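Please look over the chain below before reading my points.

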Amino acid sequence: MSLASCPDCGREVSTQARHCVHCGRPWPASRFGVLGAVVVALLAVAVMAGILFMARQRCAARARCEEERALQQFKSQPMSVPAESPKRDY
Ligand SMILES: [Zn+2]
């Protein structure tokens with residue numbers, strides 16, 4: 001818990017107080033309001049972008065996996081017939 005001087009009355013106010021106990025100035029929300037909102041918005045955008053990126057990566061990876069699995073199934077089905085057939089083992 002630290003103290004900072006109020007820009008309105010100049011007296012020391014706790015930084016955790018919601019308003020200046022001397023003059024009633026909104027505190028310290030008005031001081032960091034815009035910056036805090038920008039930081040929060042940037043963080044939210046970054047988190048959203050990260051989530052979207054991760055989801056897209058996972059989706060792409062899953063799609064690739066399913067594609068490969070389907071390809072392998074497609075390959076293994078016609079190839080397993082001659083491989084298992086005893087005709088080639090003469
Ligand atoms: Zn004050």
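1. How many helices and strands are there in the chain? There are 1 helix and 2 strands. Both kinds are DSSP runs, numbered from the N terminus: helices are H or I with at least four residues, strands are E with at least two. Along the sequence the order is β-β-α.

2. This is a predicted model; local features need pLDDT of at least 70, side-chain atom pairs count only at 80 or more, and totals for chains, interfaces and linings use all residues. Residues are numbered from 1 along each chain as its sequence is written.

3. Check the confidence. pLDDT is the predictor's confidence in each residue, from 0 to 100. The chain has a mean of 80, with 77% of its residues at 70 or more. Helix α1 (residues 29–84) is lowest, at a mean of 79, and β2 is highest, at 88.

4. Now take P7. It sits in the loop between β1 (3–5) and β2 (12–14). P7 is partly exposed because 14 other C-beta atoms lie within 10 Å. The cut-offs are 20 or more for buried, 12 or fewer for exposed, and partly exposed in between, with C-beta atoms placed from the backbone. Of the 90 residues of the chain, 6% are buried.
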